[in-house]
Amino acid sequence: MEDEAAIAVREAALRAAAQVGSPADSSQQGGTVTDPTSPQGKVSRETFEPQPGNGFEAGDSSVEAMAAQDGAARVVDSATAAKNARVTFRVLAGAGGPRCQHVIAVANQKGGVGKSTTAVNLGAYLALAGARILVVDLDPQGNASTGLGLDHRRIEPSVYDVLTGEAEPAQAIRQAAVTNLHVLPSTIDLAGAEVELVNAFSRETRLRRALDSVRHNYDIMLVDCPPSLGLLTVNALAACDELLIPIQCEYYALEGLGQLLRNVDLVRANLNTGLQIGGIVLTMYDGRTRLAEQVVDEVRKHFTDLVYRTIVPRSVRLSEAPGYGVPIALYDPLSRGGIAYRDLASELAERTGLLAPIGEGAS
Ligand SMILES: Nc1ncnc2c1ncn2[C@@H]1O[C@H](COP(=O)(O)OP(=O)(O)OP(=O)(O)O)[C@@H](O)[C@H]1O
Ligand SMILES: [Mg+2]
């Protein structure tokens with residue numbers, strides 16, 4: 001007999017799936033990923049051993065040295081870092097032509113589901129694979145900014161100044177720890193923007209207009225959204241081509257998804273006709289619990305090929321890395337979490353048509 005949790009998960013999945021409409025053509029399933037390092041539906045292996053990464057390890061003072069100096073991150077040698085992280089795939093940089101065709105909002109109004117972790121680590125792995133990446137931190141908590149090594153006390157101007165028209169995006173964008181990885185950072189000031197912009201002209205499309213002025217410099221922009229469906233998230237949805245939804249493999253994981261998808265419909269109807277649901281990423285998977293498996297099964301059943309095949313496991317190393325201001329690709333690339341985000345990045349590159357054919361674009 002099914003237990004209560006399984007029934008609740010199924011009901012939530014059904015409600016959420018009804019919001020997204022009929023699942024995409026499942027005949028496309030299985031044809032999207034060719035990364036040989038990414039076994040279908042498998043969770044990556046945890047090394048448990050401290051990995052040398054780029055020479056940075058937990059407790060190593062050189063890791064601390066990576067953290068912000070003068071408010072900026074120190075840039076590492078990307079070729080070595082990519083080699084250490086076994087990044088074997090390459091991205092066709094500039095393939096989108098003069099305009100960046102992939103603005104991806106990482107959103108879910110549920111808090112703590114892995115939005116910032118996903119934006120930071122996808123960004124880092126894609127940059128190591130050769131893509132030109134901008135991570136836009138649209139959360140007043142500033143987790144993506146600090147996770148990328150910026151000192152939040154020294155961020156000025158920030159995305160807040162950009163949204164309020166006080167600064168140009170180019171003035172606020174900073175270099176992160178990896179070549180080709182830039183960040184448009186945020187500070188707690190951004191919390192005021194929701195209120196300050198209430199009566200402002202074109203308040204929902206401020207971010208879109210700002211990003212338009214720098215789009216040509218990037219292959220992919222990843223917008224890390226706050227855990228709410230307010231004006232900031234609406235700005236992200238109005239500015240993006242697609243939405244990436246992290247879902248935690250836990251009870252209540254799918255609650256609220258219907259509301260998010262209703263907002264997507266509203267934004268599509270009123271502000272951004274091209275807005276797509278790009279995918280769902282399952283995060284914080286704990287293989288020891290039956291519930292995690294049930295969530296995975298239900299989400300896959302109802303959202304079929306919208307769900308990324310790579311599942312991000314619960315990994316202590318992933319939660320430690322932001323403390324050092326570095327992505328997992330530099331902190332412990334061969335931990336289970338590191339491998340998962342590398343595989344996810346490869347899958348995303350494949351889905352967005354940016355994955356270089358084997359042998360092409362290799363450095
Ligand atoms: N796969 C994982 N394994 C273990 N810890 C994780 C994992 N992913 C994220 N975390 C940790 O869980 C916490 C929440 O993650 P994160 O900040 O990415 O979520 P979020 O959705 O951005 O949260 P918020 O809604 O507050 O912005 C952080 O402390 C992060 O380091
Ligand atoms: Mg966050």
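1. In what follows, Ala, Val, Leu, Ile, Met, Phe, Trp, Tyr, Cys and Pro count as nonpolar, Asp, Glu, Lys and Arg as charged, and the others, Gly among them, as polar. This is a predicted model, in which local features need pLDDT of at least 70 and side-chain atom pairs count only at pLDDT 80 or more, while totals for chains, interfaces and linings use all residues. Residues are numbered from 1 along each chain as its sequence is written, and chains are lettered from A and ligands numbered from 1 in the order in which they are written.

2. The protein chain has 15 helices and 7 strands, where helices (H or I, at least four residues) and strands (E, at least two) are DSSP runs numbered from the N terminus. Of its 363 residues, 54% count as buried, a residue being buried if 20 or more other C-beta atoms, placed from the backbone, lie within 10 Å of its own, exposed if 12 or fewer, and partly exposed in between.

3. Around ligand 1 there are 20 residues, of which the closest are Lys 115, Ser 116, Thr 117, Pro 227 and Ser 319; a residue is near a molecule if its C-beta atom, placed from the backbone, lies within 6 Å of it. By class, this shell has 6 nonpolar, 11 polar and 3 charged residues, and its largest share, 3 residues, comes from helix 4.

4. Helix 4 also packs against helix 15, at an angle of about 70° and with the axes 9 Å apart; axes are lines fitted to C-alpha atoms, for helices over the stretch in contact, and angles run from 0 to 180 degrees between N-to-C directions. The two helices are therefore roughly perpendicular to each other, a term that covers angles of 65 to 115 degrees. The contact of helix 4 with helix 15 has 8 nonpolar, 1 polar and 1 charged residues.

5. Helix 15 itself is mostly covered, with 14 of its 16 residues buried. Just after helix 15, Gly 353 takes a positive phi of about 75°.

6. Some backbone details deserve a look, since most residues other than glycine have a negative phi, and most peptide bonds are trans. A cis peptide bond, with omega about 0°, joins Glu 156 and Pro 157, and Pro 157 lies in the loop between helix 5 (143–147) and helix 6 (159–163). Asn 180 has a positive phi of about 70° although it is not a glycine, and Asn 180 is buried, with 23 other C-beta atoms within 10 Å.

Conventions:
Angles under 35 degrees count as roughly parallel, over 145 as roughly antiparallel, 65 to 115 as roughly perpendicular and the rest as oblique.
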